[in-house]
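My notes follow the structure.

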Amino acid sequence: MSRYKEMLKRASSAGRPLSAHFELTYHCNVRCRHCFQDRNAAPNELNTEEWLRTVDQARELGVLTVTLSGGEAMLSEAFWPVAARVRERGMALRIFTNGVLLTKPNVRRLAALHPSTVEISIFSLNPAVHDDVTRAP
């Protein structure tokens, strides 16, 4: 049995997660036609300290990979501190984003964290089609 399969088996037997998906916020800077996210669903989102504790608890449980998402995760005041904490605790970092906030400074800052993946939603190579879907340029 491979090391990976053995790790999965042990985690499953112990009831321990290996990955976590954190929706930092429901807020978003685009209004995609297909989006099902209720932006008012969580009026009292976790604050930065609560998210940092959640990262620590996830690591204590054995989580190896954390995905940061939203809405648009980068709109959350907790995004940068949480992303840094994930890496400090030795976990792989995945980011789901619409890419709007991926400015050169933000890309540099993100690259310094060495995320395992950054997944960007692109709905068309044709700007008019993409903007029609997202209702934003």
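Predicted model: local features only at pLDDT ≥ 70, side-chain atom pairs only at ≥ 80, totals over all residues.

Residues are numbered from 1 along each chain as its sequence is written, and side-chain values use heavy atoms, without hydrogens and water.

I began with T48, which lies in helix α2 (residues 48-61); helices are DSSP runs of H or I with at least four residues, strands runs of E with at least two, numbered from the N terminus. T48 is buried at 15% relative accessibility (buried is under 20% relative accessible area, exposed over 50%, partly exposed in between, with a 1.4 Å probe and protein chains only). Beyond its neighbours within four places in sequence, T48 is in contact with E77, A78 and P81 (heavy atoms within 4.5 Å).

Next I looked up the contact of α2 with helix α3 (residues 79-88), where T48, W51, L52, V55 and D56 meet P81, V82, R85 and V86.

Which aromatic rings pair, with centres within 6.5 Å? I noted two aromatic pairs. The rings of F22 and W51 have centres 5.2 Å apart and planes at 40°, so the pair is tilted (planes under 30 degrees apart are stacked, over 60 edge-to-face, the rest tilted). F22 sits in strand β1 (residues 19-25) and W51 in helix α2, 29 residues apart. F79 and W80 form an edge-to-face pair, 4.9 Å centre to centre with 80° between the planes.

Terms used
Axes fitted to C-alpha atoms, helices over the stretch in contact; angles between N-to-C directions. Phe/Tyr/Trp six-rings, centres within 6.5 Å; stacked < 30°, edge-to-face > 60°.
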